[in-house]
Structure formats: structure tokens, C-alpha cells
Amino acid sequence: MLDALTEGALEDAARRREQVSLDRLESLAHAARQPLDAVAILAAQKPGSDGPHIIAEVKRASPSKGALADIPEPAALAASYEAGGASVISVLTEERRFLGSLDDLRAVRERVGIPVLRKDFIADEYQLLEARAFGADLALLIVAALTPQRLAQLHRFATDLGLSVLVEVHDEREIDAALEAEARILGVNTRDLKTFTMHPERFAELRARIPAGTVAVAESGVRSVDDVARYRRDGADAVLVGEALVTDGDPESRVAEFGRAS
């Protein structure tokens, strides 16, 4: 599934490249406003709270669950997340299985004042230039989708653009590859990529391998405040939440509730 998603994302990027050349995209990327320092924001203690930073996701669908929410106005949803105290907004831009778009990214960037993450299956520099041009402050790189050498190349390219990078890992070997690439934000995805089953205990098992000074993000498996509190007790600096927010009738209050969990 990961290979198919990455291949599809690269095919879609190649289609967009026929419309916007690499040179043109580079000009747009470098003309975009300076990205916010997401590393500094996520590494800092939240004022007045012992809870984790919340990375709140704009997510219409997923391969494992299908359609989750319509979300006709992603910017409005992102604004409610920000009002609830989210530290970062994650925007799914993958078109085929997550039903996202770069237009969603741009709309969210224009509405909120906090960092915005482009969450997609990124395996090419063109996609990172798109992230910068459409207003992202962070980009996602998934270790399982890349060779160690390619991970390091893309991580370096992203940071040279001024982007922060959320590097997603699933096991010890991937953590080593991420640290070798000088990752400063490590996201432990507790979902098995082959079976889609959840293993929330994996975050605690891997947390000890994440060194001090590197932001530790818990990803997947959040349905309740108890889930967020568990990740926080296990050492998460931030928790990424998608489905539990987009399917809730009051996302602003839900984000605030999650942000107080400890």
C-alpha cells in the first residue's frame, strides 16, 4: 500500500509538473513567505499546560477507513483547530485515497497563523518545492518509503528551503536512518503499514531511542483523551490527531481537551 501511494503521488506530481515547470515552481517557492520554525514551537513547553502539543489534521478519507468527513471548507476547520489551541495544522494533500489537494494547503495557510504541515507521500524534490510554494512550514518524509540515501537528500533539500521536516518512523532501524539524516522531528507511527492494525505500545518502546533535543511525535491510534494522555506519559512532545477530530462535532473543544491531557 505504501509503495502504491508513493507511486501515485509521484505520478500526480509529474502531471502537475507538465503544467508548472521546475524553474517556475522554484521561483514561486523562493518568493513565498518565510516558513515558521516548527521545531522551536514543538520543542517548547506549552504555556500554562502540561499537555502535549497537538498536530490537528485536515483529513477527508484514508485507505483503511474510506470516507471520514466531507470538509467543504478546510480553512474553517483549521481555524477551529487553531482556536482550540492546536500548535500545528496537518493537511493531507494526497489526491487519490485521502481526497486532499494543494489547494487545501494554500487555503489553510492563508487562514491560520500557526505552522502548517504538508502531509503526503513525498519522494521527489518537486513535491518539496510545491510544499514551500503553497505555504507549508513543514513537510512529511516517511522513512519506509525511501532509501536512507534518498531520505538524507530530501531532508537536506527541505531544510535548505527553510522547511522543517517531520520524519515518520515505525521501528528501530528507521529511527537510526532518520537520525543519520539529522532529523529534528521524529514521528512514531503506531499503525502497522501492512495490516493497518494499531500498536500504541510501540511509541513507548521506541521513545527511548529518540535523543534529547529531538521532538518526539506520537502518530495514529488516538480516539480519546486517554489515548493522548498515554502518549504524553510515554514521553510524546506532540500528538498528531486526525480521524478523532474530523469526525467530532466540536473540533475546537476536542483539540482543547486533547491539549490538556497529561
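**Reading a cavity, a helix contact and a ring pair**

Tutor: The lining of the largest cavity divides into one nonpolar, two polar and six charged residues, where Ala, Val, Leu, Ile, Met, Phe, Trp, Tyr, Cys and Pro count as nonpolar, Asp, Glu, Lys and Arg as charged, and the others, Gly among them, as polar. This is a predicted model, in which local features need pLDDT of at least 70 and side-chain atom pairs count only at pLDDT 80 or more, while totals for chains, interfaces and linings use all residues. Residues are numbered from 1 along each chain as its sequence is written, and side-chain values use heavy atoms, with hydrogens and water left out.

Student: Which residues line the largest cavity?

Tutor: On a 1 Å grid over the protein atoms alone, a cavity is a set of points where a 1.4 Å probe fits but cannot get out, and lining residues have an atom within 4 Å of a point. Here the lining consists of A9, D12, R16, T93, E94, E95, R118, D120 and Q127.

Student: Which residues of α4 and α12 meet?

Tutor: Contact means heavy atoms within 4.5 Å. In this structure L77, S80, Y81 and A83 of α4 meet P251, E252 and V255 of α12, and the residues of this contact divide into five nonpolar, one polar and one charged.

Student: How many aromatic pairs does the structure hold?

Tutor: Rings of Phe, Tyr and Trp (its six-membered ring) pair if their centres lie within 6.5 Å, and planes under 30 degrees apart count as stacked, over 60 as edge-to-face and the rest as tilted. The structure holds two such pairs; the rings of F98 and F121 have centres 5.9 Å apart and planes at 35°, so this pair is tilted.

Definitions and conventions: Helices (H or I, at least four residues) and strands (E, at least two) are DSSP runs, numbered from the N terminus. On a 1 Å grid over the protein atoms alone, a cavity is a set of points where a 1.4 Å probe fits but cannot get out, and a pocket is an open set with protein on both sides within 12 Å along at least five of seven lines; lining residues have an atom within 4 Å of a point.
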